[in-house]
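Welcome! Here is a short tour for someone meeting this structure for the first time. Please have a look at the sequence and the model, then read on.

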Amino acid sequence: MYDIAIIGAGPAGASAALFAAKAGKRTIMIDSDKTMTRRAMLWNYYGIPETVGPDLVVVGIQQAVKYGADHVKSTVEDIVKTDSGFRLITEREEFEAKYVILATGAATDLIERIGVDTKPATEPRIKTVADVDPDGRTNIEGIWAAGTVAGVSVHAIITAANGANVAINILSEINGERYVDHDIYKPDVK
Ligand SMILES: Cc1cc2nc3c(=O)[nH]c(=O)nc-3n(C[C@H](O)[C@H](O)[C@H](O)COP(=O)(O)OP(=O)(O)OC[C@H]3O[C@@H](n4cnc5c(N)ncnc54)[C@H](O)[C@@H]3O)c2cc1C
């Protein structure tokens, strides 16, 4: 049983997975590897003068895996409520998790199939998004959404930040107090 399962490993999903795994939660990213970010040439990602989308995606997944997140390449076809959380049904396997973060980018077929409330998108070239509250909760308790599918501005730094934000909100709910992940720079320590 995972604590948090994340559908999608683009900037939103991998960033959420990084925060969740680094917080010590059992975390899985299930991703069909169709991220729009692979097509991006990024000159506007704060702190990185330039990078290409494929590199950003690979490094983002590696960062989350480094802290213990599992990464499975597959498509989630259905999500079913169970007594203790959710069962995620993929092409070949099933996984169980207490919380789910939908980070499916422009793809809304899964969220519509499982009954997440949607609304028309405001971003160019995005048609429909999940109708989430300001913290990222959908209408289904325990299922949250982040990034493009949650209706934020379609820029990598913003979707990544939103993924982190939603993970922090879930971690805060699980832990019962506001979660902060701060490491301290010690220049004299080698
Ligand atoms: C041509 C192009 C150029 C761009 N240029 C820039 C730029 O210069 N600067 C910038 O900031 N942004 C740019 N962007 C936008 C940027 O890529 C997006 O804002 C951001 O990366 C979207 O992140 P995301 O995680 O929400 O979605 P995505 O990166 O699309 O990730 C969604 C992931 O979910 C997976 N998925 C979907 N459904 C399922 C399912 N049922 N089961 C499993 N996995 C699933 C997909 O395969 C995908 O890997 C560009 C986008 C495009 C298309």
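In helix α1, the buried residues are P11, A12, G13, A14, S15, A16, A17, L18, F19, A20 and A21. That makes 11 of the 12 residues of α1, so this helix is largely enclosed by the rest of the structure. Please keep in mind that the model is predicted.

**Helix α1 and its surroundings**
- The cover over the buried residues of α1 includes the strands β1 (2–7), β2 (27–31) and β8 (94–102), together with the helices α2 and α4.
- From its first C-alpha to its last, α1 reaches 16 Å, close to the 16 Å expected for its 12 residues at 1.5 Å a residue.
- After α1 comes G24, with a positive phi near 90°.

**Where α1 meets α2**
- Helix α1 (residues 11–22) and helix α2 (residues 53–66) have axes that come within 8 Å and cross at roughly 20°.
- Angles under 35 degrees count as roughly parallel, and α1 and α2 are therefore roughly parallel to each other.
- Their crossing is left-handed.
- On the α1 side the contact is made by P11, A14, S15, A17, L18 and A21, and on the α2 side by L56, G60, I61, Q63 and A64.

**Where α1 meets α4**
- The axes of α1 and α4 come within 7 Å, crossing at roughly 35°.
- This time the crossing is right-handed.
- From α1, the residues P11, A12, G13, S15, A16, F19 and A20 take part, meeting A156, T159, A160, N162, G163, A164, V166, A167, I168 and L171 of α4.
- The contact of α1 with α4 consists of 12 nonpolar residues, five polar and no charged.

**Helix α4 itself**
- Helix α4 (residues 156–175) has 20 residues, which at 1.5 Å a residue should span 28 Å; its end C-alpha atoms are 28 Å apart, so the two values agree.
- G176 follows α4 and has a positive phi, near 80°.

**A look at T75**
- You will find T75 in the loop between β5 (70–73) and β6 (76–81).
- Is T75 buried, exposed or partly exposed? It has 18 C-beta neighbours inside 10 Å, so T75 counts as partly exposed.
- Beyond its neighbours within four places in sequence, T75 is in contact with S32, T90 and E91.
- T75 and I7 are 68 residues apart along the chain, and their C-alpha atoms are separated by 8.5 Å.

Definitions and conventions
Residues numbered from 1 in each chain as written. Predicted model: local features only at pLDDT ≥ 70, side-chain atom pairs only at ≥ 80, totals over all residues. Helix = DSSP H or I, 4+ residues; strand = E, 2+ residues; numbered from the N terminus. Expected span 1.5 Å × (residues − 1). Axes fitted to C-alpha atoms, helices over the stretch in contact; angles between N-to-C directions. Parallel < 35°, antiparallel > 145°, perpendicular 65-115°, else oblique. Left-handed = near helix turned anticlockwise from the far one by under 90°. Contact = placed C-beta atoms within 7 Å. Buried ≥ 20, exposed ≤ 12 C-beta atoms within 10 Å, placed from the backbone. Nonpolar A, V, L, I, M, F, W, Y, C, P; charged D, E, K, R; others polar.
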